[in-house]
Amino acid sequence: MSKILVIAEHLHGKLNPATARAVSAASAVKPEAIDVLVLADQVDAVAAEAAKVDGVTRVLTVARVENAHPLAAVLAPQVAKAAQGYSHVFAPSTTFGKDLAPRVAALLGVAQVSDVMSVEGAHTFKRPIYAGNAIVTVEADAAHTVVATIRTASWSAAGNGSSPAPIEPLSIDVALPSHTRFVGLQQGSSDRPDLQSASKVVSGGRGVGSKENFDIIYTFADKIGAAVGASRAAVDAGYCPNEMQVGQTGKIIAPELYMAIGISGAIQHLTGIKDAGTIVAINKDAEAPIFEIADIGLVGDLFKILPELEASLG
Ligand code: FAD
């Protein structure tokens with residue numbers, strides 16, 4: 001029978017919703033237990049949130065001053081040690097999980113399964129390859145611990161209606177590396193919704209034309225309460241910071257509404273929005289590939305259409 005350890009992602013005392021998505025994937029394995037591991041300096045608030053996630057058997061906490069910042073090099077040996085007795089270790093396929101899980105897999109001497117999008121069996125998973133152009137079914141060795149990252153866009157977050165799971169402190173005796181230390185965190189500050197968890201996203205591409213012009217995207221997004229994304233061409237041209245990039249080498253997102261404005265629809269961009277609900281495209285080129293996947297397509301100049309749309313919203 002499987003026992004799964006899900007690594008909690010959190011920042012500033014708040015649980016990242018990606019964790020509840022990883023719990024959903026863990027539930028699909030139909031395991032005997034799903035424990036969530038919280039590594040932090042102050043664990044209480046995050047553990048309390050994790051305990052409320054449906055399907056969680058126990059929340060295990062490791063409170064150490066070294067865990068004040070999510071340094072993969074510091075967390076990995078603790079996770080590898082905590083993984084003893086578990087058949088699976090799951091982490092969300094976010095920057096955090098992609099940084100941590102390979103180190104855990106290496107310490108356990110196993111190959112990692114990346115970007116799990118569906119569970120076919122306890123050791124059989126589907127994952128995208130070739131920038132999402134093909135889906136491959138992979139089978140992990142049942143004799144070893146499965147270390148996997150979970151493609152968050154493919155899983156809805158587990159709810160939190162049931163009574164809270166017990167929270168238990170865990171003592172892990174493991175030497176931590178001193179070669180990696182926290183220097184600082186540079187984070188874009190924005191009052192807008194978080195790109196990876198927003199239900200609505202408005203993205204601008206090279207067609208927007210300049211950093212100044214990007215204001216039209218921000219204004220429209222604010223009007224409908226959306227997060228703002230961008231194509232790589234827009235990021236490379238300096239129109240917006242790279243944390244806004246959506247796609248194969250940016251963020252993989254699954255909003256209910258995705259608006260691609262002045263974006264041609266290159267395959268590397270589409271990879272990032274495969275799981276979006278309704279896709280709306282505004283492009284002046286009626287032949288642009290984005291229209292092949294858009295649910296609603298508006299052919300025309302974005303500088304004319306967007307203000308019209310905004311005005312019609314009142
Ligand atoms: P373009 O392709 O130049 O399209 C601009 C569009 O704007 C055109 O369709 C044009 O008709 C339209 N337009 C222009 N003016 C207007 C106007 N006034 N009104 C309306 N429409 C207008 N790309 C990503 O986005 N994300 C990634 O993660 C990513 N990863 C990559 C990884 C690799 C390994 C490689 C090789 C490429 C990657 N790319 C990625 C780049 C990708 O191939 C495209 O180059 C990029 O997505 C193009 O961005 P774009 O659509 O904004 O620009």
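In the predicted model, R232 is partly exposed, with a relative accessible area of 47%. Its salt-bridge partner is D236, and the closest N and O atoms of the two are 3.5 Å apart. D236 is exposed, at a relative accessible area of 59%. R232 and D236 are four residues apart in helix α6 (residues 232-236), so about one helical turn separates them.

A salt bridge also joins the side chains of E308 and K304, with an N to O distance of 3.3 Å. These residues lie four positions apart in helix α9, which means that about one helical turn lies between them. E308 is partly exposed, with a relative accessible area of 46%, whereas K304 is exposed, at 53%. Elsewhere, salt bridges with shared partners link D35, R58 and E168 into one network.

An open sheet is formed by five strands with parallel pairing, in the order β14-β13-β15-β16-β17. Strands β14 (227-230) and β17 (296-299) are at the edges, each pairing on one side only. From one strand to the next, the twist averages 15°. Strands β15 (residues 257-261) and β16 (residues 278-283) run parallel and are joined by five bridges; A260 stands opposite A281 in β16. Helix α5 (residues 215-224) packs on the sheet, where it touches β13 (200-204), β14 and β15, and its direction makes about 170° with that of β13. Helix α9 (residues 302-312), which holds the E308 and K304 pair, also packs on the sheet. The strands touched by α9 are β15, β16 and β17, and its direction makes about 130° with that of β16.

Helix α1 (residues 18-28) is mostly covered, with eight of its eleven residues buried. The buried residues are A18, T19, A20, A22, V23, S24, A25 and A26. Their cover includes β1 (3-7), β3 (14-15), β4 (33-40), β6 (88-92), β8 (118-121) and β11 (146-150). After α1 comes K30, which has a positive phi, near 55°.

On the surface, L11, F182 and L185 form a nonpolar patch with about 250 Å² of accessible area together. Of these residues, L185 is found in the loop between β12 (167-169) and β13.

Key: Residues are numbered from 1 along each chain as its sequence is written. This is a predicted model: local features need pLDDT of at least 70, side-chain atom pairs count only at pLDDT 80 or more; totals for chains, interfaces and linings use all residues. Side-chain values use heavy atoms; hydrogens and water are left out. Two strands pair if DSSP finds at least two bridges between them. Helices (H or I, at least four residues) and strands (E, at least two) are DSSP runs, numbered from the N terminus. Axes are lines fitted to C-alpha atoms, for helices over the stretch in contact, and angles run from 0 to 180 degrees between N-to-C directions. Contact means heavy atoms within 4.5 Å. Patches are made of residues with over 30% relative accessible area and no salt bridge: like charges are joined within 9 Å, nonpolar side chains (Val, Leu, Ile, Met, Phe, Trp, Tyr) within 5 Å. Accessible areas come from the Shrake-Rupley method with a 1.4 Å probe; for residues, only the protein chains shown count as cover. A salt bridge is a side-chain nitrogen of Lys or Arg within 4 Å of a carboxyl oxygen of Asp or Glu. Buried means under 20% relative accessible area, exposed over 50%, partly exposed in between (1.4 Å probe, protein chains only).
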